[in-house]
Amino acid sequence: MTRRGSDSSKLARFSSSRSAIVAPLVVLLVLASSSAIQAAPLRGPRSGMARDPRDYIQLPEDDNAATATELPSFERSMELYRAWERIYGLADPAQPPARISFPPSVPRAPHLEDCSARSAFRWQTEARGANGEAPAWASAPSGCRYPQPPWVRGSDAANLAATRQAQADLWLHQFPAPSPSASAAASAQPGSTGGDCGGQRLLVVPWPGRVNGIGSQIHVMSAWLNLAVAHDRILVPTPGSFSRANHSHCTGRHTGSFSCYFFPLVSRACEEAAVAAISSVSAAAPGQAAAAAAGGGRGIQELSVGGVSVAGASPKGMGAEEMGRLMASGSQIVVFTESTFPPHITAHAARRWGTAALESTGDMEIMGKVRVEVPTNLEVLWWRAQSFRFMLRWPSPYLCHLTNRARHEAYGLRVAAHLVNSLSQQQDIISTLLSLSPSSSSPSLTDTLNPDNLAINTSSEAAVLAALSFSSKTSLETKSWPALGFDGCTSETHVSPDVASQLDPSSSTYTSSSASSSFSSSSLTFAPQGVVDSAYEGVGGEVYMLRPVVSVHVRQGDKAIEMQLSSFASYMFVANRFRLRTPDLQYAWLSTEMESVIQQSREYKDWTFFYTRNKRQTGAEAMVAYEQDAGVEQLVGVSFANLLIASECDYFLGPLKSNWNRLINGLRMTNGRMNKGYAALNYGVW
């Protein structure tokens, strides 16, 4: 139903009681159409110039009629888009607002997250109890085969075998219970398990340097985690060694830490124990390592730090046998002073979960041919997928905010247009029902019994519909929709009742914040309500995307030194094969470092490509040089945002000789999308 320009005058003729019914709808459309609401626009990459929001979406060129058809009520959609931008603080590239506060007439943005609220909720899910008890999700509930870690989505059949068990075990391994002497207060802190790391055996390794790409760095750390788990050691990345987090938006203990972008990989207590060991190794007499090397060793320093045995060494040139002996040695803490890819070990961590690695392949095809893996490769694939999922299980508030910005720039205006159109139709329906109602507010018995009288009870029906349109929460919104993507066998809460009450606005103990300032339209002022729906904004299901959508990661540039590159036309040939199964597939999330690929995508008129707006490579520029030129701070954040969005797509396409594509592949196999498969242009296990 198309809204007519005379709607407002028609509504004015109704009685005051009927006007009250449609008032909330009028408020929203005033908000959506008012030019007085101004929000700080998002800015282009490395530029002080505000960008035209029409650039955020791909529209037919030089075709105003097509634009109007594709995005009805553009200006009203634009204002809703900007209202969301302001509410979610998207003009600030650094951090999300402490609390999202919605005016009563503005609908939530289904494609965005309340990053602060969700992160706080997720911290609570990872907090041990006052006496070191594991979170409730770490044990399999009655009737369930596996524990229920909240970051695993989809049914067990839609993930690699034993994914939920492996994720719970990895968390318990990396966040050990404190010893009885640890204080209860310390053990209950998010990200901490007490003050002494429970006397655990540690493996301390720095992140590889920036000469490695981000994907390569994560692969290397995945291999070290494999080594640590296989030898009953907790992996502790050397604090401050993740150089891509050395910028102004990674502050405090997150400076130089992977935790600037994702939740911590290890408990704070174990990290502190590692810091003490690192200091001792660094302060050891310079001649100690040389003397050990002269005696036939590899320069392994053996120290005692507060009664704890520490071994310090460089892993470079160390073979599998020697590495295995060191891992199995009596040294409680092993500190490696450099990082390299560890040698192959026979005691693969995947075998700790029995034959799970051999039970599913992840459904990959290489240029149309199904990939059949040998058992040793299956172990590698299964382990990498599990380690990637654990390491990247939750984005930090900072990365969540950057991902919000990426989503909003890419398709936020389309989402706003769909909502404005739907809400306009809702108003038309209510207006029509009111126009059909009799002038008397109390229909006679004769009118009530007359089946030909179409106006009977339409006024009452309109009131019910108007109330439903602007209900703050509906049953579907609070119960069913947040659970989409979570197919666990129970619906038990992941946090204790007292924590849940602090986060649930319906609870008597909930206290809302009014830190956000109010903003005005030309005729109305909307004060923040501090409404946060804990079911919707808690751990939460996936946010909205335009679907169905395929993730297309195009790796070119300097990767030519490692693999045969494919043209963008080849990628799109394979992408079109997905349409044999899903004919209405038209959206693609395009991630690439190449500007030429973005330009070529515009030639495919029957596809709509979404992508981030950032500086890209031209030619075969080395990745390190490109990163320096584009800005480490900006490029790393955009890369991780791309990774998260790509992993949530419906179909997947890219070269599996690329570390980044292997990351996407591993994440989708532990994210309820294993059965979607991966269409690869090439393949490599590395």
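I call a residue buried at under 20% relative accessible area, exposed at over 50%, and partly exposed in between, using a 1.4 Å probe and protein chains only. Helices (H or I, at least four residues) and strands (E, at least two) are DSSP runs, numbered from the N terminus. The model is predicted, so to speak of local features I need pLDDT of at least 70, side-chain atom pairs count only at pLDDT 80 or more, and totals for chains, interfaces and linings use all residues. My numbering starts from 1 along each chain as its sequence is written, and side-chain values use heavy atoms, with hydrogens and water left out.

**Entry 1: helix 4**

I looked up which residues of helix 4 are buried. They are Phe74, Arg76, Ser77, Met78, Glu79, Leu80, Tyr81, Arg82, Ala83, Trp84, Glu85 and Ile87. That makes twelve of the 14 residues, so I note helix 4 as largely enclosed by the rest of the structure.

Next I checked its length. The expected span of a helix is 1.5 Å times one less than its number of residues. For helix 4 (residues 74-87) that should give 20 Å, and the end C-alpha atoms are 20 Å apart, which agrees. Just after helix 4, I found glycine 89 with a positive phi of about 65°.

**Entry 2: the cysteines**

How many disulfides are there? I took a disulfide as a pair of cysteine sulfur atoms within 2.5 Å, and by this rule the count comes to three. A reminder to myself: a disulfide is a covalent bond between the sulfur atoms of two cysteines.

- Cysteine 115 is joined to cysteine 400, S to S 2.1 Å. The link is left-handed, with -80° about the S-S bond. Cysteine 115 sits in helix 5 (residues 115-125) and cysteine 400 in helix 13 (residues 397-436), so the pair ties together parts 285 residues apart in sequence. Cysteine 115 and cysteine 400 are both buried.
- Cysteine 197 is joined to cysteine 270, S to S 1.9 Å. Here I read 85° about the S-S bond, a right-handed link. Cysteine 197 is in the loop between helix 7 (184-187) and strand 1 (202-205), and cysteine 270 is in helix 9 (residues 268-283), so this pair ties together parts 73 residues apart in sequence. Cysteine 197 and cysteine 270 are both buried.
- Cysteine 250 is joined to cysteine 260, S to S 2.0 Å. This link is left-handed, at -80° about the S-S bond. Cysteine 250 and cysteine 260 are ten residues apart, each in the loop between strand 2 (234-237) and helix 9. Cysteine 250 has a relative accessible area of 2%, so I count it as buried. Cysteine 260, at 4%, counts as buried as well.

I also looked at cysteine 649, which is buried with a relative accessible area of 0%.

**Entry 3: nonpolar cores**

For a nonpolar core I used a set of buried Ala, Val, Leu, Ile, Met, Phe, Trp, Tyr and Cys residues joined through side-chain atoms within 4.5 Å. Which members of the largest core touch the most other members? Of its 109 residues, they are Leu203, Ile218, Trp224, Tyr261, Phe336 and Phe640. A second, separate core has 22 residues, including Val574, Ile598, Phe609 and Tyr611.

I then listed contacts (heavy atoms within 4.5 Å) for phenylalanine 336. Leaving aside neighbours within four places in sequence, its partners include Leu203, Trp224, Pro315, Met318 and Met327.

**Entry 4: the sheet**

I counted two strands as paired if DSSP finds at least two bridges between them. Seven strands form an open sheet of mixed pairing, in the order 7-6-14-13-10-11-12. Strand 7 (369-370) and strand 12 are the edge strands, each pairing on one side only.

Strand 14 (residues 678-683) is mostly covered, with six of its six residues buried. Strand 6 (residues 364-366) runs parallel to strand 14, joined by three bridges, and methionine 364 stands opposite tyrosine 678. Strand 13 (residues 651-656) also pairs with strand 14 in the parallel sense over three bridges, with glycine 654 opposite alanine 680. Strand 10 (residues 549-554) and strand 11 (residues 587-592) are parallel over six bridges, and there valine 549 stands opposite tyrosine 587.
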